[in-house]
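Please look over the model below before reading on. My comments are set out as numbered points.

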Amino acid sequence: MNTRAEPPQPAEEEEVVAAPWRAFLMYFLRLGTFGFGGPIALAGYMQRDLVERRRWISKRDYLLGLALAQLAPGPLAAQLAIYLGWVRAGVGGATLVAAAFILPSFVMVLGISALYVRYGGLPWMQSVFYGVGAAVIAIIARSAIKLVKLTLARDRLLWVLFAVSAVATAWTESEIIWLFLASGVVVLVVRGAPRWGSRAATGAFLPFTGVHLTGVNLSLAVAAAPFVSSWPALGRIALYFAEAGSFVFGSGLAIVPFMHGGVVNHFHWLTERQFLDAVAVAMITPGPVVITVAFIGYLVAGPAGATAAAAGVFLPCYLFVIIPAPYFRRFADNPRVKAFVDGVTAAATGAIAGAAFVLGRRALIDLTTVAIAAATWLAFVRFKKIPEPLVILAAGLAGLILARAT
(Lines give C-alpha, C1' and ligand atoms only; values in the text may rest on other atoms or scores of the structure.)
Protein backbone atom coordinates (compact mmCIF):
# COMPACT_ATOMS: atom_id res chain seq x y z
CA MET A 1 0.00 0.00 0.00
CA ASN A 2 2.80 2.44 0.81
CA THR A 3 4.22 2.23 -2.68
CA ARG A 4 0.95 3.44 -4.17
CA ALA A 5 1.34 6.97 -2.84
CA GLU A 6 5.03 7.41 -3.66
CA PRO A 7 5.80 10.22 -6.10
CA PRO A 8 6.20 9.03 -9.69
CA GLN A 9 9.36 9.63 -11.65
CA PRO A 10 9.85 13.16 -12.99
CA ALA A 11 9.49 11.88 -16.52
CA GLU A 12 5.97 10.72 -15.76
CA GLU A 13 5.04 14.18 -14.44
CA GLU A 14 6.37 15.76 -17.64
CA GLU A 15 4.03 13.59 -19.69
CA VAL A 16 0.91 15.13 -18.13
CA VAL A 17 -0.99 17.19 -20.70
CA ALA A 18 -2.69 20.45 -19.74
CA ALA A 19 -6.38 19.57 -19.98
CA PRO A 20 -8.67 22.09 -21.72
CA TRP A 21 -11.09 23.09 -19.00
CA ARG A 22 -14.20 22.75 -21.16
CA ALA A 23 -13.20 19.25 -22.30
CA PHE A 24 -12.29 18.27 -18.73
CA LEU A 25 -15.68 19.35 -17.43
CA MET A 26 -17.54 17.72 -20.32
CA TYR A 27 -15.81 14.43 -19.53
CA PHE A 28 -17.36 14.32 -16.06
CA LEU A 29 -20.72 15.40 -17.43
CA ARG A 30 -20.65 12.42 -19.83
CA LEU A 31 -19.42 10.09 -17.08
CA GLY A 32 -22.27 11.18 -14.82
CA THR A 33 -24.73 10.65 -17.66
CA PHE A 34 -23.55 7.29 -18.98
CA GLY A 35 -21.35 5.87 -16.22
CA PHE A 36 -22.83 2.62 -14.95
CA GLY A 37 -21.22 -0.15 -12.92
CA GLY A 38 -20.79 1.20 -9.40
CA PRO A 39 -17.93 3.08 -7.68
CA ILE A 40 -15.12 0.69 -8.60
CA ALA A 41 -16.08 0.77 -12.28
CA LEU A 42 -16.38 4.57 -12.30
CA ALA A 43 -12.98 4.94 -10.64
CA GLY A 44 -11.57 2.57 -13.25
CA TYR A 45 -13.01 4.69 -16.07
CA MET A 46 -11.30 7.77 -14.63
CA GLN A 47 -7.95 6.00 -14.46
CA ARG A 48 -8.28 4.66 -17.99
CA ASP A 49 -9.47 7.91 -19.58
CA LEU A 50 -7.75 10.64 -17.58
CA VAL A 51 -4.46 8.99 -16.60
CA GLU A 52 -3.68 6.39 -19.24
CA ARG A 53 -5.32 7.65 -22.45
CA ARG A 54 -5.51 11.45 -22.23
CA ARG A 55 -2.82 12.02 -19.57
CA TRP A 56 -4.74 14.94 -18.11
CA ILE A 57 -4.04 13.69 -14.57
CA SER A 58 -0.77 12.31 -13.25
CA LYS A 59 -0.67 8.83 -11.78
CA ARG A 60 0.39 10.28 -8.41
CA ASP A 61 -2.55 12.68 -8.26
CA TYR A 62 -4.95 9.92 -9.23
CA LEU A 63 -3.62 7.56 -6.55
CA LEU A 64 -3.72 10.27 -3.90
CA GLY A 65 -7.31 11.03 -4.86
CA LEU A 66 -8.21 7.36 -4.69
CA ALA A 67 -6.55 7.03 -1.28
CA LEU A 68 -8.43 10.07 0.05
CA ALA A 69 -11.71 8.71 -1.29
CA GLN A 70 -11.04 5.42 0.51
CA LEU A 71 -10.03 7.02 3.80
CA ALA A 72 -12.67 9.73 4.17
CA PRO A 73 -16.40 9.08 4.49
CA GLY A 74 -18.33 9.62 1.29
CA PRO A 75 -19.14 7.79 -1.96
CA LEU A 76 -15.83 6.78 -3.52
CA ALA A 77 -16.46 7.71 -7.16
CA ALA A 78 -17.92 11.14 -6.36
CA GLN A 79 -15.06 12.01 -4.03
CA LEU A 80 -12.45 10.88 -6.53
CA ALA A 81 -14.06 13.05 -9.22
CA ILE A 82 -14.17 16.04 -6.85
CA TYR A 83 -10.50 15.56 -5.97
CA LEU A 84 -9.46 15.44 -9.62
CA GLY A 85 -11.44 18.63 -10.18
CA TRP A 86 -9.55 20.19 -7.27
CA VAL A 87 -6.24 19.10 -8.82
CA ARG A 88 -7.24 20.72 -12.11
CA ALA A 89 -8.62 24.05 -10.85
CA GLY A 90 -8.77 24.25 -7.07
CA VAL A 91 -12.01 24.68 -5.14
CA GLY A 92 -13.79 26.12 -8.16
CA GLY A 93 -12.80 23.14 -10.26
CA ALA A 94 -13.91 20.71 -7.56
CA THR A 95 -17.29 22.46 -7.34
CA LEU A 96 -17.95 22.42 -11.08
CA VAL A 97 -16.83 18.80 -11.48
CA ALA A 98 -19.08 17.77 -8.58
CA ALA A 99 -22.04 19.46 -10.27
CA ALA A 100 -21.24 17.93 -13.67
CA PHE A 101 -20.87 14.44 -12.20
CA ILE A 102 -23.93 14.49 -9.93
CA LEU A 103 -26.53 16.55 -11.80
CA PRO A 104 -27.30 14.08 -14.64
CA SER A 105 -28.34 11.26 -12.31
CA PHE A 106 -30.17 13.75 -10.08
CA VAL A 107 -32.27 14.97 -13.02
CA MET A 108 -33.01 11.37 -14.05
CA VAL A 109 -34.11 10.50 -10.51
CA LEU A 110 -36.40 13.55 -10.44
CA GLY A 111 -38.10 12.33 -13.61
CA ILE A 112 -38.49 8.78 -12.30
CA SER A 113 -39.78 10.11 -8.98
CA ALA A 114 -42.44 12.21 -10.69
CA LEU A 115 -43.63 9.18 -12.68
CA TYR A 116 -43.58 7.05 -9.53
CA VAL A 117 -45.70 9.52 -7.57
CA ARG A 118 -48.18 9.85 -10.43
CA TYR A 119 -48.47 6.19 -11.40
CA GLY A 120 -47.21 4.40 -8.28
CA GLY A 121 -50.68 3.29 -7.34
CA LEU A 122 -51.31 1.58 -10.66
CA PRO A 123 -51.04 -2.22 -10.72
CA TRP A 124 -48.54 -2.29 -13.59
CA MET A 125 -46.00 -0.13 -11.75
CA GLN A 126 -46.49 -2.11 -8.54
CA SER A 127 -45.79 -5.27 -10.52
CA VAL A 128 -42.62 -3.79 -12.03
CA PHE A 129 -41.19 -2.84 -8.65
CA TYR A 130 -42.34 -6.16 -7.22
CA GLY A 131 -39.72 -7.81 -9.45
CA VAL A 132 -37.18 -5.02 -9.11
CA GLY A 133 -37.22 -5.21 -5.30
CA ALA A 134 -36.32 -8.90 -5.38
CA ALA A 135 -33.42 -8.22 -7.76
CA VAL A 136 -32.13 -5.42 -5.55
CA ILE A 137 -31.73 -7.86 -2.66
CA ALA A 138 -29.44 -10.04 -4.78
CA ILE A 139 -27.45 -6.99 -5.86
CA ILE A 140 -26.99 -5.73 -2.28
CA ALA A 141 -25.88 -9.21 -1.16
CA ARG A 142 -23.46 -9.40 -4.10
CA SER A 143 -22.02 -5.98 -3.22
CA ALA A 144 -21.54 -7.05 0.40
CA ILE A 145 -19.59 -10.11 -0.73
CA LYS A 146 -17.43 -7.97 -3.01
CA LEU A 147 -16.67 -5.59 -0.17
CA VAL A 148 -15.84 -8.50 2.13
CA LYS A 149 -13.24 -9.77 -0.34
CA LEU A 150 -11.88 -6.27 -0.89
CA THR A 151 -11.68 -5.04 2.70
CA LEU A 152 -11.44 -7.94 5.16
CA ALA A 153 -8.95 -10.34 3.55
CA ARG A 154 -7.74 -12.73 6.27
CA ASP A 155 -7.69 -10.25 9.13
CA ARG A 156 -9.52 -12.01 11.99
CA LEU A 157 -10.15 -8.80 13.90
CA LEU A 158 -11.88 -7.21 10.90
CA TRP A 159 -13.97 -10.36 10.45
CA VAL A 160 -15.12 -10.14 14.08
CA LEU A 161 -16.08 -6.48 13.69
CA PHE A 162 -17.87 -7.34 10.44
CA ALA A 163 -19.88 -10.08 12.15
CA VAL A 164 -20.80 -7.91 15.14
CA SER A 165 -22.00 -5.11 12.87
CA ALA A 166 -23.96 -7.48 10.61
CA VAL A 167 -25.75 -9.12 13.55
CA ALA A 168 -26.44 -5.78 15.24
CA THR A 169 -27.90 -4.28 12.07
CA ALA A 170 -30.04 -7.35 11.38
CA TRP A 171 -31.23 -7.45 15.00
CA THR A 172 -32.04 -3.76 15.51
CA GLU A 173 -33.00 -3.03 11.88
CA SER A 174 -31.33 0.38 12.15
CA GLU A 175 -27.99 2.13 11.88
CA ILE A 176 -25.68 2.15 14.89
CA ILE A 177 -23.22 4.98 14.37
CA TRP A 178 -21.32 4.46 17.62
CA LEU A 179 -20.57 0.87 16.57
CA PHE A 180 -18.83 2.14 13.44
CA LEU A 181 -16.68 4.55 15.42
CA ALA A 182 -15.97 1.96 18.10
CA SER A 183 -14.81 -0.50 15.43
CA GLY A 184 -12.34 2.06 14.14
CA VAL A 185 -11.03 2.73 17.63
CA VAL A 186 -10.66 -1.01 18.34
CA VAL A 187 -8.49 -1.57 15.28
CA LEU A 188 -6.52 1.58 16.04
CA VAL A 189 -5.81 0.37 19.59
CA VAL A 190 -4.98 -3.21 18.59
CA ARG A 191 -2.59 -2.15 15.83
CA GLY A 192 -0.88 0.39 18.02
CA ALA A 193 -2.58 3.56 19.19
CA PRO A 194 -0.73 6.89 19.19
CA ARG A 195 -0.24 8.95 22.32
CA TRP A 196 -3.43 10.89 22.90
CA GLY A 197 -2.93 14.55 22.19
CA SER A 198 -0.03 13.92 19.85
CA ARG A 199 -0.06 15.23 16.30
CA ALA A 200 -0.41 11.67 15.00
CA ALA A 201 -3.49 11.10 17.10
CA THR A 202 -5.02 14.33 15.88
CA GLY A 203 -4.20 13.50 12.28
CA ALA A 204 -5.70 10.05 12.62
CA PHE A 205 -9.11 11.51 13.33
CA LEU A 206 -8.84 14.63 11.20
CA PRO A 207 -11.41 13.50 8.61
CA PHE A 208 -13.98 12.96 11.36
CA THR A 209 -13.68 16.12 13.44
CA GLY A 210 -16.62 18.42 13.55
CA VAL A 211 -19.19 15.78 12.62
CA HIS A 212 -22.38 15.85 14.69
CA LEU A 213 -22.95 12.26 15.77
CA THR A 214 -26.52 12.18 16.98
CA GLY A 215 -27.58 9.65 14.34
CA VAL A 216 -31.21 8.67 14.48
CA ASN A 217 -31.82 10.64 17.66
CA LEU A 218 -32.36 13.78 15.60
CA SER A 219 -35.68 15.42 16.35
CA LEU A 220 -37.00 15.34 12.80
CA ALA A 221 -40.69 15.98 13.26
CA VAL A 222 -41.38 15.91 9.53
CA ALA A 223 -44.82 14.78 8.47
CA ALA A 224 -45.09 11.79 6.19
CA ALA A 225 -47.33 13.66 3.78
CA PRO A 226 -46.20 13.44 0.14
CA PHE A 227 -45.35 17.13 -0.12
CA VAL A 228 -43.95 19.15 2.76
CA SER A 229 -42.94 22.66 1.80
CA SER A 230 -41.90 24.43 5.01
CA TRP A 231 -38.31 25.57 5.15
CA PRO A 232 -37.70 24.11 8.64
CA ALA A 233 -38.79 20.70 7.37
CA LEU A 234 -36.50 20.92 4.35
CA GLY A 235 -33.64 21.90 6.63
CA ARG A 236 -34.26 18.87 8.80
CA ILE A 237 -34.32 16.61 5.74
CA ALA A 238 -31.00 18.06 4.58
CA LEU A 239 -29.50 17.65 8.06
CA TYR A 240 -30.59 14.02 8.35
CA PHE A 241 -29.10 13.06 5.00
CA ALA A 242 -25.95 15.07 5.71
CA GLU A 243 -25.39 12.93 8.79
CA ALA A 244 -26.09 9.78 6.82
CA GLY A 245 -23.67 10.89 4.10
CA SER A 246 -20.96 11.40 6.70
CA PHE A 247 -20.74 7.64 7.23
CA VAL A 248 -20.68 6.25 3.71
CA PHE A 249 -17.37 4.45 3.19
CA GLY A 250 -16.37 3.14 -0.24
CA SER A 251 -19.65 1.91 -1.66
CA GLY A 252 -22.73 4.06 -1.91
CA LEU A 253 -24.71 1.05 -0.72
CA ALA A 254 -23.21 1.63 2.72
CA ILE A 255 -25.83 4.33 3.18
CA VAL A 256 -28.66 1.77 2.87
CA PRO A 257 -28.55 0.45 6.46
CA PHE A 258 -28.25 3.99 7.80
CA MET A 259 -31.26 5.23 5.89
CA HIS A 260 -33.43 2.18 6.49
CA GLY A 261 -33.60 2.65 10.23
CA GLY A 262 -34.35 6.37 10.04
CA VAL A 263 -36.48 6.61 6.91
CA VAL A 264 -38.64 3.52 7.48
CA ASN A 265 -38.63 2.66 11.16
CA HIS A 266 -38.03 5.95 12.97
CA PHE A 267 -39.65 8.68 10.89
CA HIS A 268 -42.02 6.52 8.82
CA TRP A 269 -41.40 8.62 5.73
CA LEU A 270 -41.48 5.55 3.46
CA THR A 271 -42.87 2.05 3.63
CA GLU A 272 -40.60 -0.98 3.24
CA ARG A 273 -41.72 -1.34 -0.38
CA GLN A 274 -41.06 2.31 -1.17
CA PHE A 275 -37.61 2.07 0.39
CA LEU A 276 -36.70 -0.90 -1.80
CA ASP A 277 -38.02 1.02 -4.78
CA ALA A 278 -35.74 3.92 -3.82
CA VAL A 279 -32.69 1.65 -3.86
CA ALA A 280 -33.82 0.21 -7.18
CA VAL A 281 -34.07 3.69 -8.72
CA ALA A 282 -30.44 4.32 -7.78
CA MET A 283 -29.47 1.05 -9.46
CA ILE A 284 -31.05 1.88 -12.80
CA THR A 285 -29.56 5.37 -13.05
CA PRO A 286 -25.92 6.20 -13.77
CA GLY A 287 -23.62 8.04 -11.40
CA PRO A 288 -23.31 7.65 -7.61
CA VAL A 289 -25.61 5.17 -5.86
CA VAL A 290 -26.33 7.57 -3.01
CA ILE A 291 -28.49 9.56 -5.41
CA THR A 292 -31.25 7.31 -4.07
CA VAL A 293 -31.73 9.97 -1.38
CA ALA A 294 -33.23 12.27 -4.03
CA PHE A 295 -35.99 9.74 -4.64
CA ILE A 296 -36.69 9.53 -0.92
CA GLY A 297 -36.67 13.30 -0.57
CA TYR A 298 -39.10 13.61 -3.49
CA LEU A 299 -41.58 11.22 -1.88
CA VAL A 300 -41.39 13.17 1.37
CA ALA A 301 -41.43 16.75 0.09
CA GLY A 302 -41.53 16.85 -3.69
CA PRO A 303 -38.78 18.45 -5.82
CA ALA A 304 -37.69 20.69 -2.95
CA GLY A 305 -37.29 17.64 -0.71
CA ALA A 306 -35.26 15.86 -3.38
CA THR A 307 -32.96 18.87 -3.70
CA ALA A 308 -32.56 19.18 0.08
CA ALA A 309 -31.78 15.47 0.47
CA ALA A 310 -29.25 15.43 -2.38
CA ALA A 311 -27.54 18.61 -1.16
CA GLY A 312 -27.37 17.18 2.34
CA VAL A 313 -25.85 13.85 1.39
CA PHE A 314 -23.25 15.30 -0.98
CA LEU A 315 -22.15 18.25 1.16
CA PRO A 316 -20.04 16.11 3.57
CA CYS A 317 -18.60 14.26 0.58
CA TYR A 318 -17.55 17.58 -0.96
CA LEU A 319 -16.15 19.04 2.26
CA PHE A 320 -14.21 15.88 3.14
CA VAL A 321 -12.31 16.40 -0.11
CA ILE A 322 -11.65 20.11 -0.45
CA ILE A 323 -10.73 20.68 3.21
CA PRO A 324 -8.04 17.99 3.66
CA ALA A 325 -6.89 17.95 0.01
CA PRO A 326 -4.09 20.55 0.43
CA TYR A 327 -2.67 18.68 3.43
CA PHE A 328 -3.45 15.10 2.49
CA ARG A 329 0.07 14.19 1.36
CA ARG A 330 1.22 14.60 4.95
CA PHE A 331 -0.87 11.75 6.33
CA ALA A 332 -1.93 9.71 3.27
CA ASP A 333 0.19 6.76 4.41
CA ASN A 334 -0.28 7.21 8.16
CA PRO A 335 -0.80 3.66 9.51
CA ARG A 336 -3.03 4.97 12.31
CA VAL A 337 -5.37 6.62 9.83
CA LYS A 338 -5.53 3.40 7.85
CA ALA A 339 -6.14 1.33 10.99
CA PHE A 340 -9.09 3.48 12.04
CA VAL A 341 -10.62 3.47 8.56
CA ASP A 342 -10.12 -0.30 8.24
CA GLY A 343 -12.22 -0.79 11.36
CA VAL A 344 -14.95 1.58 10.21
CA THR A 345 -15.01 -0.03 6.78
CA ALA A 346 -15.34 -3.52 8.27
CA ALA A 347 -18.32 -2.35 10.32
CA ALA A 348 -19.85 -0.62 7.29
CA THR A 349 -19.52 -3.82 5.26
CA GLY A 350 -21.21 -5.76 8.04
CA ALA A 351 -24.03 -3.22 8.10
CA ILE A 352 -24.60 -3.73 4.37
CA ALA A 353 -24.82 -7.48 4.94
CA GLY A 354 -27.24 -6.94 7.82
CA ALA A 355 -29.34 -4.58 5.71
CA ALA A 356 -29.53 -7.19 2.94
CA PHE A 357 -30.99 -9.62 5.49
CA VAL A 358 -33.50 -7.07 6.83
CA LEU A 359 -34.65 -5.95 3.41
CA GLY A 360 -34.69 -9.51 2.10
CA ARG A 361 -37.25 -10.54 4.69
CA ARG A 362 -39.59 -7.86 3.32
CA ALA A 363 -38.90 -8.22 -0.39
CA LEU A 364 -38.76 -12.02 -0.74
CA ILE A 365 -42.38 -12.64 0.15
CA ASP A 366 -43.23 -15.59 -2.07
CA LEU A 367 -41.76 -18.15 -4.46
CA THR A 368 -41.86 -15.70 -7.35
CA THR A 369 -39.72 -13.09 -5.64
CA VAL A 370 -37.33 -15.77 -4.39
CA ALA A 371 -37.01 -17.06 -7.94
CA ILE A 372 -36.31 -13.57 -9.31
CA ALA A 373 -33.63 -12.96 -6.66
CA ALA A 374 -32.03 -16.34 -7.39
CA ALA A 375 -32.11 -15.70 -11.14
CA THR A 376 -30.47 -12.30 -10.57
CA TRP A 377 -27.71 -13.90 -8.53
CA LEU A 378 -27.11 -16.60 -11.13
CA ALA A 379 -27.01 -14.01 -13.91
CA PHE A 380 -24.15 -12.21 -12.18
CA VAL A 381 -22.33 -15.49 -11.53
CA ARG A 382 -22.68 -16.59 -15.15
CA PHE A 383 -22.13 -13.20 -16.81
CA LYS A 384 -19.74 -11.32 -14.55
CA LYS A 385 -19.73 -8.11 -16.62
CA ILE A 386 -23.46 -7.85 -17.19
CA PRO A 387 -24.65 -4.26 -16.46
CA GLU A 388 -26.71 -3.94 -13.29
CA PRO A 389 -29.32 -1.62 -14.88
CA LEU A 390 -30.02 -4.26 -17.52
CA VAL A 391 -30.63 -6.87 -14.84
CA ILE A 392 -32.87 -4.47 -12.91
CA LEU A 393 -34.97 -3.75 -16.00
CA ALA A 394 -35.23 -7.47 -16.78
CA ALA A 395 -36.40 -8.14 -13.23
CA GLY A 396 -39.03 -5.43 -13.56
CA LEU A 397 -40.29 -6.98 -16.79
CA ALA A 398 -40.36 -10.41 -15.15
CA GLY A 399 -42.33 -9.00 -12.22
CA LEU A 400 -44.82 -7.43 -14.62
CA ILE A 401 -45.31 -10.67 -16.60
CA LEU A 402 -45.43 -12.98 -13.60
CA ALA A 403 -47.79 -10.77 -11.65
CA ARG A 404 -50.24 -10.74 -14.54
CA ALA A 405 -49.95 -14.48 -14.97
CA THR A 406 -50.90 -15.18 -11.35
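This is a predicted model: local features need pLDDT of at least 70, side-chain atom pairs count only at pLDDT 80 or more; totals for chains, interfaces and linings use all residues.

1. Main core. The largest nonpolar core holds 107 residues. Phe28, Met46, Phe241 and Val263 touch the most other members. Helix α13 (residues 292–322) gives the most to this core, with 19 residues.

2. Methionine 46. Beyond its neighbours within four places in sequence, methionine 46 is in contact with Tyr27, Phe28, Leu31, Val51, Tyr62, Ala77, Leu80, Ala81 and Leu84.

3. Second core. A separate core has nine residues. Val148, Leu152, Leu188 and Ala346 are included.

4. Length of α15. Helix α15 covers residues 367–382, 16 residues in all. At 1.5 Å a residue it should span 22 Å, and its end C-alpha atoms are 22 Å apart, so the two agree.

5. Faces of α15. Thr369, Ile372, Ala373, Thr376, Ala379 and Phe380 are its buried residues. Seen down the axis of α15, they fall within an arc of 120°, so they line one face of the helix. On the other side, Leu367, Leu378 and Arg382 are exposed.

6. Cap of α15. Aspartate 366 caps the N-terminal end. One of its side-chain oxygens lies 3.2 Å from the backbone nitrogen of threonine 368.

7. Glutamate 272. Apart from neighbours within four places in sequence, glutamate 272 is in contact with His260, Val264, Asn265, Leu359 and Arg362.

Key
Residues are numbered from 1 along each chain as its sequence is written. Side-chain values use heavy atoms; hydrogens and water are left out. Helices (H or I, at least four residues) and strands (E, at least two) are DSSP runs, numbered from the N terminus. The expected span of a helix is 1.5 Å times one less than its number of residues. Buried means under 20% relative accessible area, exposed over 50%, partly exposed in between (1.4 Å probe, protein chains only). The arc is that of the directions from the helix axis to the C-beta atoms. A polar contact is a pair of N or O atoms within 3.5 Å; within protein, one must be able to donate a hydrogen and the other to accept it, and residues adjacent in sequence count only if both atoms are side-chain atoms. Contact means heavy atoms within 4.5 Å. A nonpolar core is a set of buried Ala, Val, Leu, Ile, Met, Phe, Trp, Tyr and Cys residues joined through side-chain atoms within 4.5 Å.
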